[in-house]
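This report describes one protein chain for a reader who is new to structural analysis. Please keep the sequence and the structure in view while reading.

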Amino acid sequence: MHGLGNDFVIVDRRADARPLPPETIAAVSHRRTGVGCDQFITIEPPAADDPAADAVMGIFNGDDGSPAGACGNATRCVADILMRETGKDTVAIRTAAGLLTAWREDDGQVTVDMGEPRLDWQAIPLSTEQDTLSIDLTVGPLSRPVGVNMGNPHAVFFVPAVASIDLPALGPQVERHPLFPERTNVEIVQILDRRSLRMRVWERAAGITQACGSGACAVAVAAVRRGLAERRVTVTLDGGPLVIEWREADGHVLMTGPVAMSFSGTLDAALLSPIQAAP
Ligand SMILES: N[C@H](CCC[C@H](N)C(=O)O)C(=O)O
């Protein structure tokens, strides 16, 4: 499935307890020798003592099989699967970032309550104490990002024009900067007006992707914190728009966008045994 071109292999493991080592995930995710995806997603059964959850979602990056704490676009896709399967109009998905509630809008799009952003420096996490509203970091034309954790780390840089930034060159330098002990997702954002933002993303362990839901949430939160945008904005990524609202009442971030099914099938057992990812 994909959300705005951020693509996923989603494996239903509710009746399959075979181990899934990172190298297997990277092999399946490889675009030439596997299926190919930005993130590899698992659906697992909820724990017996977790009746509120319809399912558990695991999120792994395609480059190396590393776990990611959040993935907004894939959460919409998994919610779509669960809503179709159960007939329910609201579902709850257990993730590393907590229990995320999702529902379908009248136009068929899916909204996920992504929870509250975490904004203190230890939560991003950063390696030194900093005001996360203006982190002391400059990489080429990118400087003083806003730090936001949406269950995963984000460094948001405001720029005059996203098109003039060499993100493939700069993204990995920020991702791996020692200031970010768990590395970071990297967003560049241009304010079009107080309700419309244009962003591009370099994802941790996935590189340039067409869209990043948690990144769009981080961008909206950063823009509100800097006083540059309203609390409800349209964030346009390379793959298209998401509507993000940082809700005043409870501080939760709501993300609304499309889901799309590409194809379904059965993974070959050979792909599911630990094999070496192609270089
Ligand atoms: N594409 C995802 C985010 C993946 C984040 C991952 N690259 C990480 O290591 O945190 C999204 O829609 O939110």
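## The nonpolar cores

The largest nonpolar core has 71 residues, and Ala-216, Cys-217, Val-219, Ala-220 and Val-235 touch the most other members. A nonpolar core is here a set of buried Ala, Val, Leu, Ile, Met, Phe, Trp, Tyr and Cys residues joined through C-beta atoms within 7 Å. A residue is buried if 20 or more other C-beta atoms lie within 10 Å of its own, exposed if 12 or fewer do, and partly exposed in between, with C-beta atoms placed from the backbone. Helix α4 provides the largest share of this core, eight residues. Domain 1 (2–104 + 260–272) and domain 2 (138–251) both give residues to this core, so the core lies between them.

Apart from this core lies another one, of five residues, among them Ile-124, Leu-126, Ile-135 and Leu-179. In the largest core, Cys-217 is one of the residues that touch the most other members. When neighbours within four places in sequence are left aside, Cys-217 is in contact with Gly-72, Met-114, Met-150, Ile-244, Val-253 and Met-255. Two residues are in contact if their C-beta atoms, placed from the backbone, lie within 7 Å.

## Basis of the model

This is a predicted model, in which local features need pLDDT of at least 70, side-chain atom pairs count only at pLDDT 80 or more, and totals for chains, interfaces and linings use all residues. Residues are numbered from 1 along each chain as its sequence is written.

## Overall form

The secondary structure of the chain consists of five helices and 17 strands. Helices (H or I, at least four residues) and strands (E, at least two) are DSSP runs, numbered from the N terminus. The C-alpha trace spans about 50 × 45 × 35 Å along its principal axes. For 279 residues, a compact globule would have a radius of gyration near 19 Å, and the 18 Å of the chain agrees with this. The radius of gyration is taken over C-alpha atoms, and the globule rule is 2.2 Å times the number of residues to the power 0.38.

Of the 279 residues in the chain, 46% are buried. Among contacts between residues at least 6 apart in sequence, 65% join residues at least 24 apart. Helix α1 (residues 22–29) has six buried residues out of eight, so this helix is largely enclosed by the rest of the structure. The buried residues in α1 are Thr-24, Ile-25, Ala-26, Ala-27, Val-28 and Ser-29.

## Two domains

The domain assignment gives domain 1 (2–104 + 260–272) and domain 2 (138–251). Such bounds come from an automatic or database domain assignment. The C-alpha centres of the two domains lie 23 Å apart. Their contact takes 21 residues from domain 1 and 18 residues from domain 2.

On the side of domain 1 that touches domain 2, α2 supplies the largest share, three residues. The residues of this side divide into six nonpolar, twelve polar and three charged. In this classification, Ala, Val, Leu, Ile, Met, Phe, Trp, Tyr, Cys and Pro count as nonpolar, Asp, Glu, Lys and Arg as charged, and the others, Gly among them, as polar.

## Surroundings of the ligand

Which residues come nearest to the ligand? Of the 20 residues around the ligand, these are Ala-68, Asn-73, Asn-152, Gly-213 and Ser-214. A residue is near a molecule or strand if its C-beta atom, placed from the backbone, lies within 6 Å of it. The shell around the ligand has six nonpolar, eleven polar and three charged residues.

Helices α2 (72–86) and α4 (213–225) each supply at least two residues of the shell. The helix α4 gives the most, with three residues. Domain 1 and domain 2 both give residues to the shell around the ligand, so the ligand lies between them.

## Backbone features and loops

Most residues other than glycine have a negative phi, and most peptide bonds are trans. Ile-124 and Pro-125, however, are joined by a cis peptide bond with omega of about -10°. Pro-125 is found in the loop between β7 (110–113) and β8 (138–139).

Arg-183, which is not a glycine, has a positive phi of about 60°. Arg-183 lies in the loop between α3 and β12 (185–193), and is partly exposed, with 17 other C-beta atoms within 10 Å. Ala-205, also not a glycine, has a positive phi of about 55°. Ala-205 lies in the loop between β13 (196–203) and β14 (207–208).
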